[in-house]
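Colleague: I have a structure open and would like to learn how to read it. Could you take me through some features, one at a time?

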Amino acid sequence: MRVSIGRYHRTVLLLEFTIEPFHEGNPGPHVTAAIAAVEAMGVPAARTLYVGDMTVDVETARAAGLAVAVVPEGSSTREELEAVRPDY
């Protein structure tokens, strides 16, 4: 899972935080994994951008209180990603 990369809120932040797809026995990406990544980076959720490539990434980001951007490079099509209304 990629979390918090790119330019966001007038701050350039280039980080990639990778955690295992299964976090505490939950299939990933899971909200607990997203929250753990944000806490590990020490960045406020309000200043974190979750970047994903599947509709489940949007659901995970929303559940964790994070803004979300998507790229149509995974198993979800551009149309499927647009339908779940990511922030970016």
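Predicted model: local features only at pLDDT ≥ 70, side-chain atom pairs only at ≥ 80, totals over all residues.

Modeller: Gladly! Let's start with burial, where buried means under 20% relative accessible area, exposed over 50%, and partly exposed in between (1.4 Å probe, protein chains only). Threonine 60 counts as buried because its relative accessibility is 5%. Threonine 60 lies in helix α2; helices (H or I, at least four residues) and strands (E, at least two) are DSSP runs, numbered from the N terminus.

Colleague: Which residues does threonine 60 touch, not counting those up to four places away in sequence?

Modeller: A contact means heavy atoms within 4.5 Å. Threonine 60 touches Pro29, His30, Val31, Ala34 and Tyr50.

Colleague: How do I read the confidence, and where is it lowest and highest?

Modeller: pLDDT is the predictor's confidence in each residue, from 0 to 100. The protein chain averages 76, and 68% of the residues score at least 70. Strand β2 (residues 5–8) has the lowest confidence, with a mean of 43, while helix α3 (residues 78–83) has the highest, at 94. Over residues 1–14 pLDDT stays under 50.

Colleague: Which residues make up the largest nonpolar core?

Modeller: A nonpolar core is a set of buried Ala, Val, Leu, Ile, Met, Phe, Trp, Tyr and Cys residues joined through side-chain atoms within 4.5 Å. Here the largest one has 10 residues: Ala34, Val38, Tyr50, Val58, Ala61, Ala64, Leu66, Val68, Val70 and Leu81. Two or more residues come from each of α1 (31–41), α2 and β5 (67–70), and α2 gives the most, with three.

Colleague: Could we look at a member of that core?

Modeller: Take valine 58, in helix α2. Valine 58 is buried because its relative accessible area is 3%. Leaving out residues up to four places away in sequence, valine 58 touches Val68, Val70, Val84 and Pro86.

Colleague: What covers my reading of a strand, for example β4?

Modeller: In a regular strand the side chains alternate between the two faces of the sheet. Strand β4 (residues 49–52) is covered on both faces, with Leu49 and Val51 buried on one side and Tyr50 and Gly52 buried on the other. Two strands pair if DSSP finds at least two bridges between them; four bridges join β4 to β5, and these strands run parallel. Tyrosine 50 stands opposite valine 68 in β5.

Colleague: How many salt bridges does a search of the whole structure find?

Modeller: Side chains of opposite charge can pair when their charged atoms come close. A salt bridge is a side-chain nitrogen of Lys or Arg within 4 Å of a carboxyl oxygen of Asp or Glu. The search finds one: arginine 62 with aspartate 87, their closest N and O atoms being 3.0 Å apart. This pair links distant parts of the chain, 25 residues apart: arginine 62 is in helix α2 (residues 55–64) and aspartate 87 in the segment after α3.

Colleague: Last one: what is the phi of arginine 85?

Modeller: Most residues other than glycine have a negative phi. Arginine 85 is not a glycine, yet has a positive phi of about 55°. Arginine 85 sits in the segment after α3 and counts as exposed, at 66% relative accessibility.

How values were computed. Residues numbered from 1 in each chain as written. Heavy atoms only, no water.
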